[in-house]
Amino acid sequence: MGLDRHRGGTRFGAYLRALRERRKLTLEAAENLSAALETRLTSSYMSRLESGLAVPNLARLSAISRIYDIPLTTLVEKFDLEHRHPTVKGADLPDDLATADALLRRKLRAGAYFEALQLAAEGEKRVEVDADRAEQWGVEGTRFLQIVKCQAMLHLELYESAKFESERLLESEDLSPQHRLVAWQFFIGCCTRLRRYKLALAALEQAEREARSPDSPARAFADLKVLRGDLLIKTGRLEAASEEFTVALKRYRDNGDTAEACRAQMNLGSTLLEMGRLAAARSYLLQSVEEAERGGWDQIRACALANLAAVAWRNGDPTRAE
């Protein structure tokens, strides 16, 4: 897909303007901060960028990242994202928080991650500029929008951007215990996928301490077990990972969370496959396929089927694998 320079440039420019305004900088102040850098940015150029009339190269993105103290990879991800996807009309986001909440959740469940991301960003922008909307939506509503953004970015594999947003959430003093644990989960997932395993482990241990609070949601324990299992897989400790997934599976079932139980069961089957325990892997994966079909969880079903094909292949049955 080719670059949509006009629409993408306008959206990226609005994002840069928001970054500058959050840091309470004028265009002239941003220009002054760039004076000591290899690539100097003039206020007129920055204005054209914010208006969507200019497209930055990598050197200029690097300068912007240093001026606004944001990772270069986050800016590159944002630039690519905005230039390669169509615009979602802001009017598509309902004014009522409950209706907007339901819409965003439907978008996420349907896999419309970019639409969910843009709608949540639009909602966040409206709250920032509209005092009545801010009062109506409240802190919890605003934090929910940020969480939707993080979740959508994770699914879009924008790990640096999702990590940056989850860090912003964790720095919020008004974050509820439930939203704080969700933010920790996003941060840990991003660090794991970015192969920053020591940081992921330290964050996981902190999240586990906070999850012992009576205010923590019932599923938090199981969610963190899944994250630990994922981290153990990435570091080659498959036996320990299978134990974590087994505990998570039981806890999800005890809590009546059938979709996540099915996902944990699929992860357990996948781990057993990697360990060479093919019979056990096949049993768990078949059950996951059946439960996913009943629940309508197509993504889980697809992953389980892919793993079943690998089991058949390793059992020397290419026809069944096909």
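Is cysteine 262 buried or exposed, and at what relative accessibility? Cysteine 262 counts as buried, at 0% relative accessibility; here buried means under 20% relative accessible area, exposed over 50%, and partly exposed in between (1.4 Å probe, protein chains only).

1. Basis of the note. This is a predicted model, in which local features need pLDDT of at least 70 and side-chain atom pairs count only at pLDDT 80 or more, while totals for chains, interfaces and linings use all residues. Residues are numbered from 1 along each chain as its sequence is written, and side-chain values use heavy atoms, with hydrogens and water left out.

2. Confidence. The predictor's confidence in each residue is given as pLDDT, from 0 to 100. For the protein chain the average pLDDT is 87, and 95% of the residues score at least 70. Helices (H or I, at least four residues) and strands (E, at least two) are DSSP runs, numbered from the N terminus.

3. Aromatic pairs. The structure holds 3 aromatic pairs. Rings of Phe, Tyr and Trp (its six-membered ring) pair if their centres lie within 6.5 Å; planes under 30 degrees apart count as stacked, over 60 as edge-to-face and the rest as tilted. Phenylalanine 12 and tyrosine 15 form a tilted pair, with 6.1 Å centre to centre and 35 degrees between the planes. Both residues lie in helix H1 (residues 5-22), 3 residues apart, which is about one turn of the helix. An α-helix has 3.6 residues a turn, so residues three or four places apart point the same way.

4. A link between helices. Phenylalanine 12 also pairs with phenylalanine 79, edge-to-face, at 5.3 Å centre to centre and 85 degrees between the planes. Because phenylalanine 12 lies in helix H1 and phenylalanine 79 in helix H5 (residues 72-83), this pair ties together parts that are 67 residues apart in sequence. Phenylalanine 12 and phenylalanine 79 are both buried. One aromatic cluster is formed by Phe12, Tyr15 and Phe79.

5. Surroundings of tyrosine 15. Tyrosine 15 is buried, with a relative accessible area of 15%. Leaving aside residues up to four places away in sequence, tyrosine 15 touches Ile70, Thr74, Leu75 and Lys78. The C-alpha atoms of tyrosine 15 and alanine 121 are separated by 9.7 Å, although these residues are 106 residues apart along the chain.

6. A charge over a ring. The charged end of arginine 60 sits over the ring of tyrosine 45, 4.4 Å from its centre. The criterion is that NZ of Lys or CZ of Arg is within 6 Å of the ring centre and within 35 degrees of the ring normal.

7. The buried side of H2. In helix H2 (residues 27-34), the buried residues are Leu27, Ala30, Glu31 and Ser34. They cover an arc of only 100 degrees around the axis, so they are on the same side of H2; the arc is that of the directions from the helix axis to the C-beta atoms.

8. Cysteines. A search of the whole structure finds 0 disulfides, a disulfide being a pair of cysteine sulfur atoms within 2.5 Å. Cysteine 190 is in no disulfide, and the nearest cysteine sulfur, that of cysteine 191, is 6.9 Å away. Cysteine 190 is buried, with a relative accessible area of 0%. Cysteine 262 is likewise in no disulfide, and the nearest cysteine sulfur, that of cysteine 303, is 10 Å away.

9. Glutamine 185. This residue is found in helix H10 (residues 177-193). Glutamine 185 counts as buried at 18% relative accessibility. Its contacts, not counting residues up to four places away in sequence, are with Asp223, Leu224 and Leu227.

10. Positive phi angles. Aspartate 69 is not a glycine, yet has a positive phi of about 55 degrees. Aspartate 69 is found in the loop between helix H4 (58-67) and H5, and counts as exposed at 64% relative accessibility. Arginine 195, also not a glycine, has a positive phi of about 65 degrees. Arginine 195 is found in the loop between H10 and helix H11 (197-211), and at 67% relative accessibility counts as exposed.

Conventions: Contact = heavy atoms within 4.5 Å.
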